[in-house]
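Have the structure open beside you and try each task before reading on.

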Amino acid sequence: MDKNRFSYVAHGHLPVWNPVGVSHLKAYLSQLVLTEKSTVLDIGCGRGQVLNLILTRHRATGIGVDSSPFAIGAAATDFADLVAAGRLRFFERTFDARDYDAASFDLVICIGSTHAAGGYLNTLRTAKRLLRPGGMLLVGEGYWKCSPCGEYLAFLKMSAEDQTTHQGNQSRGVSEDVELVSCSECSQEEWDAYEDQYARNVEEFVRANEHDPDVEAMLQRIRPWREAYLRWGRDTLGFGLYLFRVR
């Protein structure tokens, strides 16, 4: 089973492909000051919804990069008017910071996709290089609400050191000499709404496409994931938004 296809099915038409509510996200976007000369880069842009929210509010231009052909294909279709107007470009490829000039963006976004830039710390360092002075980074990152148990780590194929705490995510930004403008934690209601819809999308797809060759693999993936979230994830894993400014 293609993991990108599974992600596309599971996320469906979720407005944001992360456990962040739209109203929560809009509160962050309202803090941005962008002009028609501003350029925005979204690393791991998914279906492009965050870029659309920004460009609807501001006369900026945007670039979205994602390795999923399903996500990029949907984004290019959904926001064809912005693409045709030359305000938005999408690229289906693995993100490589070397593809972009230093100090060439006013805003970098990486919500739930720091793995695409080599991890959280490397995302901060990459943004510092790519942003103009005074530019901003909006990053969404997971964290441990409490010490994860061994069973949960084994399920996730992670170690406890792969993430830190909410405070740790803030401190890492400060240690990289970027200014923390604001931060917040996603609520349990946001997490639950996201995980409920994520699982429901897969189950509904399977029921409607019983002869699809991937249905069994999809069920073998989503049902243990759902069980793990309810058993461990709700109490252990958090997700935060962090807005940083380059000095």
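**Exercise 1.** Work out how H9 and H10 are oriented to each other.

*Solution.* Start with the angle: helix H9 (residues 188-208) and helix H10 (residues 215-236) pack at about 160°, and their axes are 9 Å apart. Axes are lines fitted to C-alpha atoms, for helices over the stretch in contact, and angles run from 0 to 180 degrees between N-to-C directions. Next, use the classes: under 35 degrees is roughly parallel, over 145 roughly antiparallel, 65 to 115 roughly perpendicular, and the rest oblique. H9 and H10 are therefore roughly antiparallel to each other. Their crossing is left-handed, a word used if the near helix is turned anticlockwise from the far one by less than a right angle (right-handed if clockwise).

This is a predicted model, where local features need pLDDT of at least 70 and side-chain atom pairs count only at pLDDT 80 or more, while totals for chains, interfaces and linings use all residues. Residues are numbered from 1 along each chain as its sequence is written, and side-chain values use heavy atoms, with hydrogens and water left out. Helices (H or I, at least four residues) and strands (E, at least two) are DSSP runs, numbered from the N terminus.

**Exercise 2.** Describe the packing of H2 and H3.

*Solution.* First, helix H2 (residues 22-29) and helix H3 (residues 49-57) have axes that come within 11 Å and cross at roughly 50°. H2 and H3 are therefore oblique to each other. The crossing of H2 and H3 is right-handed. Now find the contact (heavy atoms within 4.5 Å): Leu25, Lys26 and Leu29 of H2 meet Val50, Leu53, Ile54 and Arg57 of H3. By class, that contact has 5 nonpolar, no polar and 2 charged residues. Here Ala, Val, Leu, Ile, Met, Phe, Trp, Tyr, Cys and Pro count as nonpolar, Asp, Glu, Lys and Arg as charged, and the others, Gly among them, as polar.

**Exercise 3.** Which residues make the contact between H1 and H4?

*Solution.* Begin with the geometry: helix H1 (residues 3-11) and helix H4 (residues 69-78) pack at about 45°, with axes 8 Å apart. That makes H1 oblique to H4. The contact is made by Asn4, Arg5 and Tyr8 from H1, together with Pro69, Phe70, Ala71 and Ala74 from H4. Sorted by class, the residues of this contact are 5 nonpolar, 1 polar and 1 charged.
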